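Reader: I'd like a close look at one part of this model, please. Take me through it slowly.

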Amino acid sequence: MNEKKEPILRAENITISFGGLQALDGVSLVIYPGEILGIIGPNGAGKTTMLNIINGFYKPDKGRIIFEGRERPKKMKPDLIAAQGIARTFQNLALFSGMSALGNIMVGRTMLMHSNIFSQGLYWGFSQKEEIEHRRAAERIIDFLQIENIRRTPASMLPYGLRKRVELARALAAEPKLLLLDEPMAGMNLEEKEDIARFILDANEELGYTIALIEHDMGVVMDICDRIVVLDFGKKIAEGTADEIKADPKVIKAYLGEAGG
Amino acid sequence: MNDLPMTFPKILIHNAERFPPTKAAIREKDYGIWQSYSWQDYLDQARDFALGLAALGFEKDDKIAIIGDNRPQLYWGLAGCQCLGGVPVPLYQDAIHKELHYIVNHSECKFALAEDQEQTDKLMHLKDEIPRLKYIIYDDPRGLQNYKKDWLIAFTDVQEMGRKFDKENPDYFMNAVNDVKPDDMSIIVYTSGTTGNPKGVMLTHRKIAECSRGFLQWDNLDQIEEVMAYLPMAWIGDHIFSYGQALCAGFTVNCPESTSTTVLDQKEIGPTHIFAPPRIWENILTQIMIKIEDSAWIKRKAFDYFMMVASRVEKKRIANESVPLIDSILYRIGDFIIYGPLVDNLGMSKIKVAYTAGEAIGPEIFEFYRSLGINLKQLYGMTESTAYISMQKDGDIDNESVGPPAPGVEIKISDNGEVLYKSPGNFIGYFKNPEATAETLEDGWLHSGDAGYMTERGHLKIIDRAKDVSKLNDGTMFAPKYIENKLKFSPYIKESVAHGKDRDYVAVFIDIDYGAVANWAERRHIGFTSYTDLAQKPPVYELIKDEILKVNKSLSKDPRLKNSQIKRYLLFHKELNPDDGEITRTRKVRRKFVAEKYGKLIEALYTPGQENVDVEATFTYEDGRTTTMKANLKVRGVETF
Amino acid sequence: MAFFFEVLVTGLMVGIMYSLVALGFALIFKASDVFNMAQGDMSLLAGLALVGFLELNFPLWLALLCTIAIMTVLAYGTVFIVLKPLVARPPIMLFMATFGLAYMIQGIGQSIWGTQAKGLNLGIPDIPVTIGGLFLSTFDLTFGAVAGILVVILVWFFHKTRTGRALRAVSDDHEAALSVGIPLLKAWAVTWMIAGIVAVVAGIAWGTRMGVQFSISYIAYKALPVLIIGGLDSIMGVIIAGLVVGAGENLSEVFIGPYVGGGIQTFFPYLIALLVLYFKPYGLFGKEIIERV
Amino acid sequence: MFYRECGNYKDSYASDMAIFPIPLDQYGFIIMMIFAFLVIPLTASDYWLSNIMIPFYCFGLSAIGLNILAGYAGQISIGHAAFMAVGAYASLILYGRYGIPLIPSILGGGLISSAVGTIFGLPSLRIKGFYLAIATLASQFIIQWIIVHWQWVSGGVFGTVETPDMQIFGLLINTPVKKYFLTLGWVVVLAIVAKNLVRGQLGRNWQAIRDVDYAAEIIGVNLYKDKLIAFAVSTFYAGISGSLITFCYYGAANIEEFHVMVSFALLGMIIIGGLGTILGSFFGAGFFVLLPIGINQVLGNFMAVVPSEILSNLEAIIFGGLIVLFLIVEPYGMARLWHTIKDKMRLWPFPY
């Protein structure tokens, strides 16, 4: 059913290399609005690189990104790309450790806030009104992810699982049109994984977020993703629903190959 | 007094009229701050919900089951249903399927109001089994968006229907409210009962209003009070306290953000009035002890010393004797250094009056709180009497009694020592259970089932459940609850079951307090894997033995109880659990059940020389699944004095 | 034209000495990721100590030896007392710690040997000589030579000796070095000691030229731009940058200075550094760090 | 032990997000203000007012500026004294040479310093860490050189400009008490503004840049803009501070008072006081100003007059030693210690 919709993001023929290492080689993928897209593949397949290109942290050597029907200029800065509505979480946590969970989430809303420095310095009128309005929004996310009891806890003091959750909260706080999650469940136990999977599904179904995620846990990916893209050695080797992927001989080979050596 | 409204819908309307919109009727910590609702909001919310129910076909005398944590929406739902002359049936939120099934079926509920997905799921299972249950209404829509059923409706949607219904039938609401009479049934509270199926206690608007007002007058409480609503709505205590008293006085009820933040939330609010069962007071005490144990040496010593001073001062105060100057100076210092900050951290520094009710509290625990300067008092009441029988009066407190009869209450002691009473709150009867009603209510006198007597000061003293009090073989009186409560003063003991009826001596099962003992063990580098493992560690046995010795010492001082000192004990392999039927949801021990289930263990306690006993136990999970485990328990002796 | 070359060569001679100080920075940075703000003060301490020992009528060789001993104690003390507790902390904290260290070295050195400027005369004549038609100072030449030799020795040490290679291994990858059994802190201490010896030479060179006094610690500020132009972690880069800065500074002072009021050598190196950084954020020879997320 | 927080609930975000959400802290602040505005001017001697309180406030202000840049935004600067100099000279020129009223002149000094600071902040767009730290050192030397060599600025004699008499609406600011109030007024207002900035969106963005710059950028923080604003705000504070210290304490703008060692001292202050806190800036400044007096007092018991040589060396050793000690034991300085004590007091007698 998704095929009929216009994709929210279209990455065409993305190629990038780092010092001779071909990280991605002519990969194209599309993300449709409202779906959860899973990106899987063996280690070093270029999954994180793909996310880094989608949100502009890396600039591709070749290829182009079309977001909401407009081609992205070559040298667009990441914060402007974020402003277009792409948010993400990181594989190796990148929380602002000197701030509380709430502070982190409020940073997520930075693009939506507009009061100027003078107003902020006085903390008066528009600035205060804006702070309160965005605090309210941040609290909805806190409520959504059930992290009420840690909102004042410094991020550096949080246990791993909660850090991941706060990072998800920070990304959600930006109210992105496209949410990129880089291994949101890495290093979690089964229960925590179930929680996060639940939150991702809720974010998708209840709040209507479009999500692309990288995840190693096949079970989870198959369960929650509408479509799956498989990368291997910087190339896309398969794309389709969970069932199609499971049956794809190339995928099986890539995974068995990895397991075998 | 007579011109005061006597039905809760009227009281609510009265409140909305007499209080300004700036006065908070109910607050809930939500989204990080306290969201306040005025009495007008309370009324509007209840009214919209009521009319929504009407639109769905709710009629007078229909029952609605209410299940969930304390949330404004559930109180609004309760009030709304009463506006239509309906009868709410509050349920324990941790009840398992079997219990829910029984109550929802027995009470003939057509509607159910659930807090969230968890409770909705439970009710949805019932829906298939109980065809009478027509609609399930939920408050928190989280996770429910995929449950597309036309009989499953959101609270706000019901209210929306209500607003629409109101436009079409503008007079409906007031007509319905006027139709509700003071002597109409206002609620059915199911008592868990230590034996058999729960029984539905039917109470009326008048009874609840009169008892609530009686309480308020007793302690001069009024609209400025702040209370925390965190006890189960299905407990009569919460209904009187967070609903009856709140509406009658117009004071503010505060709902915590979540169960895990209750303590913090209480600290923020600083309630002026607390009503809690002994279990809560015991838990807080345990928490205090653990934390003090963890604190620096100097603080520990200061705590110990000043608690000693406080206890000395409190003994004088209770006896209405003057406190020696030096002690009163020391108490002031202690108040600044220890009691003041400690009470403040517990969120209890604004308390005018606190009650312990529902069960007997250990005298040591009671004294502990009073010595800190918290005005804790005992109250004796039952669901059948709208919790209104007797309570202590300021300036006339003692550890052991539950105070003089409340105004309008008559108490007499039957020939076999059972407490009988006539209270304005006496119930109309058990719902659909005339036999039980007849058994309990004779000529207007209610059988409490408790053994007790009136002291010289005119206070009622409760010894134990009448049927539990018995004698040892040597004729010594044996009151198990009394001994158990003494044991529970120890932070390491969570629950205990004393045995001794028709035996030579007293022996006990002990349920360790896992948190406190685990903390103790970690401090001593004792490794353990589970509750069972921890409970069976020899050092833990030694630890508990010391606690029992303290109890024996205290028992030895009372000539009547000297012989009921504890001789043997064993540490239980699991926590007593209402899901396993060993204790009730209000945490009263079901003695008969325990005696039957663990007969083998009891025998071991009374078999001289037996040091070990095997046990096989079934656990029940929340979802009703069960599992079996085996353990080998040690049995040990204790010295007596 | 000869004048130009005179200025150039003089500049290069000074530049070598800049390289020397900058080398002290680079060595420590390469080994421990610590940017040592106390490098200048180490030179000051060395100069003060040397003069102090000479004043006690120690023979030169003994005075030198004692000074080096002091620098060794300082190196070990710094590494095992100050840096050890900070090992896992962010580099910026270590940076700031060296800055506290600078204050301490300064205070202790001056407490012991006083704050007055003292002459240091090692008997090297400062007379102009003519070489190939250029007028040059023997003094500059001598120290240029000494510094040059020291630089060569250091490069040889780090590339050809076992210890040197081990030290480099530590700097390239702390964990790998640990896993092959090189004790991290010991390696750091050796590096700090070497940096201390470099500081001794720099202290002598500058002390002889302008007297041993507080302002010696400022030569560190001369070395800083050298360091960033060369790239913090490149030894060769630092040497080349030192020469470039020395020459550029001298040339600009002589040829541009008069037009703007003189004294531009105080900041001219920084201008070059800013310019370089604008185009090469990690210096001319520094390793670029690719960020991964 | 002293905290009683029971019953302090917040039913609006405005009260929850106030500067002092805990009542006792509010009272503490009020008491402090009464102390600063009434008790000190009434009781302190002229020596204390002019030689201790005024420099303490001025260095505190400067430290706030540096703390915003280094402690909050994570951009180390070792050229901060130079911006104090810019502020000092600029306001003197505005006031003395162009006859602009005093308050606007001081403000102008801050703004000009801010403009210069923003220019020197430009390298932060490309470089970070030590490279940036050294680049900021460039500002120190370049500004120093310009002030000394550009006769229009310095008047030509060793970079020294005398301050003329100070007047506000005809009121002559000539006594220590008046100067004290002039300084205090600026400091209180700017400290509150700083507190507001760091707890608002800008402050959060700065901390985000400090903690993980790439994540900040990817979540939508405009690194360039916010770093430059940090430089602008920070050097504005330095400028005002330089101007005040010149008008009210030194009495003449002298380039030697804004030496690179002062930049270092400022950095030391924020480390000892507490990186990333406004309060800590004052702790650090107070410590720095009081240290020589403290040493004097202690040594004064043993010798009649403490030689300035010993004094300055001992000062350096203690100052340096404390920087190292704090970094090892409490990297977030006295302010963190203060908070730890406060938290202990709030939880007393419980440990957690």
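Author: Quick housekeeping before the tour. This is a predicted model, where local features need pLDDT of at least 70 and side-chain atom pairs count only at pLDDT 80 or more, while totals for chains, interfaces and linings use all residues. Residues are numbered from 1 along each chain as its sequence is written, chains are lettered from A and ligands numbered from 1 in the order in which they are written, and side-chain values use heavy atoms, with hydrogens and water left out.

Now, chain D splits into domain 1 (1-9 + 17-43) and domain 2 (44-347); such bounds come from an automatic or database domain assignment. Their C-alpha centres sit 25 Å apart. Where they meet, 18 residues of domain 1 of chain D are in contact with 17 residues of domain 2 of chain D, contact meaning heavy atoms within 4.5 Å. About 1400 Å² is buried between the two, with carbon and sulfur atoms giving 66% of that. Buried area here is the accessible area (1.4 Å probe) that two parts lose on being put together, summed over both.

As for charges, there are two salt bridges between the domains, each a side-chain nitrogen of Lys or Arg within 4 Å of a carboxyl oxygen of Asp or Glu. In chain D, D:Asp25 forms a salt bridge with D:Lys342, and their closest N and O atoms are 2.7 Å apart. By class, the side of domain 1 that touches domain 2 has 15 nonpolar, one polar and two charged residues. For that tally, Ala, Val, Leu, Ile, Met, Phe, Trp, Tyr, Cys and Pro are nonpolar, Asp, Glu, Lys and Arg are charged, and the others, Gly among them, are polar.
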